[in-house]
Amino acid sequence: MKSLLKFAAALLFLLPILTSGCLPCPCDAQIANELPAGYMRLRVLDGATDKPIEGACAVVPEAGIEAYTDTRGFTPVMELPCIKDEGLNALLPYNEGRVTLIVYAEGYVPYLLLYCRVLPGTERETPTVYMWRDDGSLPVFEVIEAPPLSWAAELAQKYKP
């Protein structure tokens, strides 16, 4: 009887997944808190030579976006979800979104930009991504983008003892 109940419980859990054709996305809860979309294009350059990298792939995992660079190292303009950072917003109202940006290029170390700022309803000035040749010494090059200085200064003032 216990086996039958376990099977029925598993079936009830799996039935919506099997009929929808996809697994639930762990970021669905975050995406529900979106602001209006923001827009961005990247420029991807070789960090040693400043030459454009053609064919680099920029990925935004939260949105399933992939965009490839052209001969000048530019991606097309990407429409990005503007996912609120509830942690920052709890400290002080924060009206920008954040996404993860990963850039891949053949022969280069993957570039990971965590907490990439997305400006709701506007196109962000083109950030430049500098990639470094993969010599085996570094698994990933990671950067963490801070909130705007004005927001950080206001936060520091708010909590000043």
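The following conversation concerns the predicted model shown above.

Trainee: What should I know about the model before starting?
Mentor: It is a predicted model, in which local features need pLDDT of at least 70 and side-chain atom pairs count only at pLDDT 80 or more, while totals for chains, interfaces and linings use all residues. Residues are numbered from 1 along each chain as its sequence is written, and side-chain values use heavy atoms, with hydrogens and water left out.

Trainee: How many helices and strands are in the chain?
Mentor: The chain has 4 helices and 9 strands. Both are DSSP runs numbered from the N terminus: helices are H or I with at least four residues, strands E with at least two. Along the sequence the pattern reads α-α-β-β-β-β-β-α-β-β-β-β-α.

Trainee: And how much of the chain is buried?
Mentor: Of the 161 residues, 35% are buried (under 20% relative accessible area, with exposed over 50% and partly exposed in between; 1.4 Å probe, protein chains only).

Trainee: Which residues touch the most other members of the largest nonpolar core?
Mentor: They are L42, L101, V103 and M131, in a core of 25 residues. A nonpolar core is a set of buried Ala, Val, Leu, Ile, Met, Phe, Trp, Tyr and Cys residues joined through side-chain atoms within 4.5 Å. The elements giving two or more residues to this core are β1 (34–40), β3 (57–60), β4 (65–68), β5 (78–83), β6, β7 (111–118) and β8 (128–131).

Trainee: What is M131 in contact with?
Mentor: Leaving aside neighbours within four places in sequence, the contacts of M131 include V44, L45, I53, V103 and Y111; contact means heavy atoms within 4.5 Å. There is also a second, separate core of 5 residues, among them L88, L92, Y94 and W151.

Trainee: Turning to aromatic pairs, how many does the structure hold?
Mentor: It holds 2. In one of them, Y94 and W151 are edge-to-face, at 5.3 Å centre to centre and 80° between the planes. The rule is that rings of Phe, Tyr and Trp (its six-membered ring) pair if their centres lie within 6.5 Å; planes under 30 degrees apart are stacked, over 60 edge-to-face, and the rest tilted.

Trainee: Where do Y94 and W151 sit in the chain?
Mentor: Y94 is in the loop between α3 (86–91) and β6 (97–104), and W151 is in helix α4 (residues 149–158), 57 residues apart. Y94 is buried at a relative accessible area of 2%, and W151 is buried at 9%.

Trainee: How many salt bridges are there?
Mentor: A search of the whole structure finds 4, each being a side-chain nitrogen of Lys or Arg within 4 Å of a carboxyl oxygen of Asp or Glu. One of them joins D46 and R133 at 3.9 Å, N to O. D46 lies in strand β2 (residues 43–46) and R133 in the loop between β8 and β9 (141–144), so the pair ties together parts 87 residues apart in sequence.

Trainee: Are those two residues buried or exposed?
Mentor: D46 is buried, with a relative accessible area of 7%, whereas R133 is exposed, with 53%.

Trainee: What does the side chain of R98 meet in a salt bridge?
Mentor: The partner is D85, at 3.8 Å, N to O. R98 is in strand β6 and D85 in the loop between β5 and α3. R98 is buried, with a relative accessible area of 9%, and D85 is buried, with 17%.
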